[in-house]
Amino acid sequence: MKVSLSWLNEYASINSDPEEMAAKLTMAGLEVEAYNSRFDYLDKVVVARVEAVVRHPKADRLNCCRVNVGEEVLSIVCGAPNVKEGMLVPCARIGAVLPGDFKIKKGKLRGEVSEGMLCSASELKLDADTSGLMPLDSSLVPGTPLVEALNLSDTVFEIDLTPNRPDCLSMIGVAREAAVFQDPPVELNLPGTVMPFERAAVSINDLAKVDIQNPELCPRYCASLLVDVTVGPSPFWLQQRLESVGLTPINNVVDVTNYVMMETGQPLHAFDYDLLSQNRIVVKTAGTGTEFTTLDGKAHRLESDMLMICDGEKPVAIAGVMGGENSEISEGTTRVLIESAYFNPVSVRKTAKRTGIGTDASHRFERGVDPAATRQVLERATVIMADLSGASIAEGIIDEHPMPCTAVEIRLNTDHLNRRLGTDLGSDKIKTLLESVAFGVARESENFLKVSVPSFRVDVTRPEDLSEEVARLWGYNNIQTSFPAVSPSRTSLSPILAFRQTVRECMTGFGFSEAVNYSFTSADSCDRLNLEVNDPRRSVETLLNPISEDMSVMRSSLLFGLLETMKRNNAQQVDTLKLFEVGNAFIATQKGVQPNEREKLSGLWTGSRVSPSWHAKAEGCDFFDLKGVIEGLLGHFGVTDAVFARASKEDHPYFKQGVAASIAVGGNFLGVLGQVDATVLKNFGLKQDAFVFELDMAALLASAPEAVVAAPLPKFPAISRDITLVVDRDVVSGDIMAEVASFVKKEKLVEDAFLFDVYEGEPLAEGKRSISLRIIYRSWEKTLKEKKVKGLHDRISKTLIEGFGAGLPS
């Protein structure tokens, strides 16, 4: 909401500067997002003296002027009839942007150079006068900024109000808050509302009737009537007020309803009385099959429970939201019926939501307006409208009030309040604070106050609300910081939480960044991942009220989100990504039953292996880079017997053939990793290779040993021996390593073994490849001798050669 400081000053004498005022309002709960001068657009408009005026040689109605702007004399072509030598006028210099987004540029008019613009008051939005240039006082100095010369000053605050403070959706509401926080506090000056009935020639009760058929949706409806109305432009002061808060002036009737709404927070509506059939207002729900065209020219299909304002035959407005075309004010309107009502906030909100109409009126009604101010606001609007339109006020006001509002009274225990806030405020101080914002307070006893809540504070209904009021009025900064008394004992994290945290630390240590994606995904995600028809992950849980079509089901794999994240990053020219995510995957069971949830750890690596630099060339990552990350993670948790086996395309169709592996520990499935298939990349809109993995967190935790057994440092040296085997290309190196691993387990002298080279090509035969292993031998009791190592190494080599049909390189 925009709030004009000069407008606020009509109700309270604000003595704080804008910065201080913004800080005070924010601490009072009215967050000021920004503030600026309303006359910033005049920053390049200065006082100028017309030194010479010469008739334009090619245009009868234009003059070529020499204009002194202080530091230089400019040539400006002007068409104003009142321009003359010696007069002081506003001059918009090159670069100025005037209202209407009109930019001042250097140019030529009929062949003559013009280096600025001499302005009228209307062009600067300083007056409605359009007759000619705006004359300035002769004592002003050329070159003086116009804002300084005319002492133009008005700050506009942009306030972000929380939904529970509808009372501050008005100038008076904000002024009430601002007045309290001045130093010293100032009084609030409310505008008068007395209606001069003596001017009336007719009675409204003879000309109009109001019938409320749904009092639970409209507890109060007031109406007044103006006759002999002349519709025309609003006076300049009214246009200025509306424009200062971002509203567009329309005419002197509609503008008054908007002005009073912004002043008081009570929305109003003006009907052309002569367009109301049977001169009646009927407040009722729409019924079925009704179509209604609103003031913006849009047709809306109404639902049966929407509250409407009708005349004797048809709807004329959507209650609390927007009026209709069929009763709007026009230039020919001579009689105006003004509406001021209180509508049920829930009803207005539902209607606005369903129709898709959001207005200043609905914004206020759906949060709650002052139910006791309905008539008072109507009286003020009627007086102003009659004055500006030259109308007469029909005698009386219709005030249908079938469900009077009940005043709220709260019994406040001051001891409880102080305990809740951590303060030590006396009852008199609390009474003073509450009375400063119009609460009525009476002392019942030493520790109890009886508080009457003003009708405009619809958000205050219980003692806790009063505690909040006292806290903000006393000042949050004045409340001393304290800490609760807690036991010094410290509880450790649960094993699952500690494990999850360790996984995150490991992955970040490997250079991965954690991604956090929605648990929702699109219904076609399984298709895009090429999952088989019978894949369990196709059993997705469908949402009843999805945020959007792209988030209509619960994810059955974390890979969906990681691939989408890769797409977004690639679109921003981020080609190298190392991401991981820890979260739940959901498999649907049966309707009405919660889905099965399994916590997963997924990761993605795409782009370069290392960041390019002077000492390392840019080189793409591959399957084995990601496999190394998995091995490092497993090694951190002491898992040393993990088996990586070739994964079939049938079980994992989203991986590229031959570049995928399943992971098992002790025969239990742990997860998979591999290169994403090209068709899947295309389905997700990706254009570069990606390598992914997905592990089951519960299986990973179960595979980790409960305790780590420490071993002493070896005393005796190790001996390493290499063996190179020539095998068929389809022999899996992992099978060879598994066989070697069995020797590590059963032979005490075999400490470790690892693969260090794989080669294909000449001089090897077609379909063959060589695999080189290194085996580490060590004794914990003595230094090994060559003979002992050679015998064991030959036995291992023979077993491998015979078991895999291998040969030795020639």
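Colleague: Which helix gives the most to the lining of the second largest pocket?

Modeller: That's α7, with four residues. A helix here is a DSSP run of H or I with at least four residues, a strand is a run of E with at least two, and both are numbered from the N terminus. Keep in mind that this is a predicted model, where local features need pLDDT of at least 70 and side-chain atom pairs count only at pLDDT 80 or more, while totals for chains, interfaces and linings use all residues. Residues are numbered from 1 along each chain as its sequence is written, and side-chain values use heavy atoms, with hydrogens and water left out.

Colleague: What makes something a pocket, and what counts as its lining?

Modeller: On a 1 Å grid over the protein atoms alone, a pocket is an open set of points with protein on both sides within 12 Å along at least five of seven lines; a cavity is a set where a 1.4 Å probe fits but cannot get out. Lining residues have an atom within 4 Å of a point. The second largest pocket has 30 of them, and V254, N258, H269, L295 and M322 are the closest to its centre. At least two lining residues each come from α7 (254-264), β15 (268-272), β20 (315-318), β21 (322-323) and α9 (360-365).

Colleague: How much space lies in the second largest pocket?

Modeller: About 720 Å³. Grid points are joined across faces, edges and corners, and the volume is the space filled by probe spheres set on the points.

Colleague: Which residues lie nearest the centre of the largest pocket?

Modeller: K627, E631, F644, G734 and M737, out of 41 lining residues. Two or more residues each come from α17 (623-636), β33 (642-646), β34 (655-665), α20 (733-746) and β38 (750-759). The largest share, nine residues, is from α20.

Colleague: How is that lining sorted by class?

Modeller: Ala, Val, Leu, Ile, Met, Phe, Trp, Tyr, Cys and Pro count as nonpolar, Asp, Glu, Lys and Arg as charged, and the others, Gly among them, as polar. The largest pocket then gets 22 nonpolar, eight polar and 11 charged residues. For the second largest pocket it's 17 nonpolar, nine polar and four charged.

Colleague: Why is S427 called buried?

Modeller: Buried means under 20% relative accessible area, exposed means over 50%, and partly exposed is in between (1.4 Å probe, protein chains only). S427 has 10%, so buried is the word. You'll find S427 in helix α12 (residues 427-435). Leaving aside neighbours within four places in sequence, S427 is in contact (heavy atoms within 4.5 Å) with T414, R443, E446 and L449.

Colleague: What makes α7 mostly covered?

Modeller: Of its 11 residues, 10 are buried. The cover over those buried residues includes α1 (5-8), α4 (171-180), α6 (236-244), β15, α9 and α10 (374-389). After α7 comes G265, which has a positive phi near 90 degrees.

Colleague: Why is strand β39 described as largely enclosed?

Modeller: Because eight of the 10 residues of β39 (residues 768-777) are buried.

Colleague: How do you know that β37 and β39 pair?

Modeller: Two strands pair if DSSP finds at least two bridges between them. Strand β37 (residues 719-728) and β39 have 10, running antiparallel, so they qualify. T724 stands opposite S772 in β39. β38 also runs antiparallel to β39, with eight bridges, and V758 has I771 as its bridge partner.

Colleague: Which strands are called edge strands in the open sheet of seven?

Modeller: The order is β28-β31-β32-β36-β35-β34-β33, with mixed pairing. β28 (513-514) and β33 are the edge strands, since each pairs on one side only.
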